[in-house]
Amino acid sequence: MDEKPSTRKSPEFCSLRYGLALIMHFSNFTMITQRVSLSIAIIAMVNSTQQPGLFNTSTERPLAFTFNHSNRSIKEFNTAEVSVYEWSPETQGIIFSSINYGIILTLIPSGYLAGIFGAKQMLGAGLLISSLLTLFTPLAADFGVILVIVIRTVQGMAQGMAWTGQFTIWAKWAPPLERSKLTSIAGSGSAFGSFIILCVGGLISQALGWPFIFYIFGSIGCVCCLLWFTVIYDDPLHHPCISIREKEHIVSSLTQQSSSPRRSVPIKSMVRCLPLWAIFTGFFSHFWLCTIIITYLPTYISSVLRVNIRDSGVLSSLPFIAAASCTILGGQLADFLLSRNLLRLITVRKLFSSLGLLLPSLCAVALPFVASSYPTTIILLILIPGTSNLCDSGFIINTLDVAPRYASFLMGISRGFGLIAGIISSTATGFLISQDSVSGWRNVFFLAAAVNMFGLVFYLTFGQAEIQHWAKERTLTRL
């Protein structure tokens, strides 16, 4: 995998594989907007006055793997007002967290099933179920909070199916020298979706009413499903519209990888594989800091800088533009280094992993010392999620290198480690800042930097890019 394939690279940006990346970008965009829709709509759902604090509350739960830990803003804007639904802050916390538990339930099994039944069906079904449940959320709210919690949990399970199924598709569609580029184009849909929903969600609620947030983004998801099922195929060999040149280019570049179906997973070999644990550790470290920044960004700006984030909705969305930009640019740069044979594959993976863990750690450690400077603090807060997404060209897609035939299954496990890190880091952050605001924030950022450094050292020590022996076709290892 470290050697450059002999087949001449096909620079067809209008090719099907890039079209697949764009459609998957749209799918990720759709899923993240459906996740965040409730975070914005709930202000109007529990309070008849929509305007106060709309952006302030909506930005507290903006991305795919965020958790509801800050109910303060809801209490703040729910005084002396008539509620549409009598949901206490504790109930709202359960509603928001239910989708995360749904994702955890399906990350591993959906990845395994995608490798057996086909990622197209798994991803398409997950997106369709999530879109339909989004459309029915306003109706479910009228029937009671229990039904809303059930819908959010099932929606999380559906989205877990969709996210992990992507890597099974890329194992068959992405040439080794284009993996970073293609996956970064697809993955940037989440950051772009977060930016859009933060900018327009409040406007939709004010102009049309909060149910239309669900109706609009649920309908967009259904359109995306129609496009998905009609255009996408599991592999290039069976696509009726692919050119012979592109098919030969993809197939020849993947000759070192096995594409035959596997109905058993070498669990014992995986558990003993240090390169896999290096990837898992990287995910844990990466999500630890990212979850803190995403979840507590408005709280930090409000409490430390004394700035009301509700008056700066666009400002709160800037980190997601930076994240999307760095994801795409990082993928372009990584594949450029590989295509020109400037660096070995493992060197590229470790380089971008180092940048994605070291740079945001430095920014986080610097935050407590520049709190008196508003512009500097905002720049650092924007840089943290932006530089963190350089990991997308590092350990995040490393499973495609070490075990492409089990990439979807392993991605489910990896994201599970990330979700666990998010839960722990958010809980620890809430505890630390409740003790003392100034020293608490300093300890939060120092602890996050320490976790990042541990993950970086572990990955640099044990990370690899060669296909592992148990992931090759001749391996007969069983459960």
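The model is predicted, so local features require pLDDT of at least 70 and side-chain atom pairs count only at pLDDT 80 or more, while totals for chains, interfaces and linings use all residues. Residues are numbered from 1 along each chain as its sequence is written, and side-chain values use heavy atoms, with hydrogens and water left out.

The protein chain holds 17 helices and zero strands; helices (H or I, at least four residues) and strands (E, at least two) are DSSP runs, numbered from the N terminus. Of its 479 residues, 61% are buried, where buried means under 20% relative accessible area, exposed over 50%, and partly exposed in between (1.4 Å probe, protein chains only). Contact means heavy atoms within 4.5 Å. Among the contacts with a separation of 6 or more, 85% join residues 24 or more positions apart.

A nonpolar core is a set of buried Ala, Val, Leu, Ile, Met, Phe, Trp, Tyr and Cys residues joined through side-chain atoms within 4.5 Å. The largest one has 81 residues, and W170, L276, L410 and W470 touch the most other members. Helix α11 (residues 274–304) supplies the largest share of this core, 14 residues. The core lies between domain 1 (15–47 + 85–251) and domain 2 (273–469), because both give residues to it; the domain bounds come from an automatic or database domain assignment. Leaving aside neighbours within four places in sequence, L410 is in contact with M270, L276, F280, T399, A403 and W470. A second, separate core has 26 residues, including A41, M45, W210 and I213.

Two packed helices are described by the angle between their axes and the distance between the axes. For helix α6 (residues 145–173) and helix α16 (residues 407–435), the axes come within 7 Å and cross at roughly 145 degrees. Axes here are lines fitted to C-alpha atoms, for helices over the stretch in contact, with angles from 0 to 180 degrees between N-to-C directions. The α6 residues T164, G165, F167 and T168 meet A407, S408, M411 and G412 of α16. By class, this contact has three nonpolar, five polar and no charged residues; Ala, Val, Leu, Ile, Met, Phe, Trp, Tyr, Cys and Pro count as nonpolar, Asp, Glu, Lys and Arg as charged, and the others, Gly among them, as polar.

I397 counts as buried because its relative accessibility is 2%.

I292 is in helix α11 and counts as buried at 2% relative accessibility. Beyond four places in sequence, I292 touches L297, S425, T429, V444 and A448. G189 is found in helix α7 (residues 179–208) and counts as buried at 0% relative accessibility. With neighbours within four places left aside, G189 is in contact with H25, N28, F29 and I32.

Backbone geometry gives a last point. Most residues other than glycine have a negative phi. N341, in the loop between α12 (313–339) and α13 (345–366), has a positive phi near 60 degrees.
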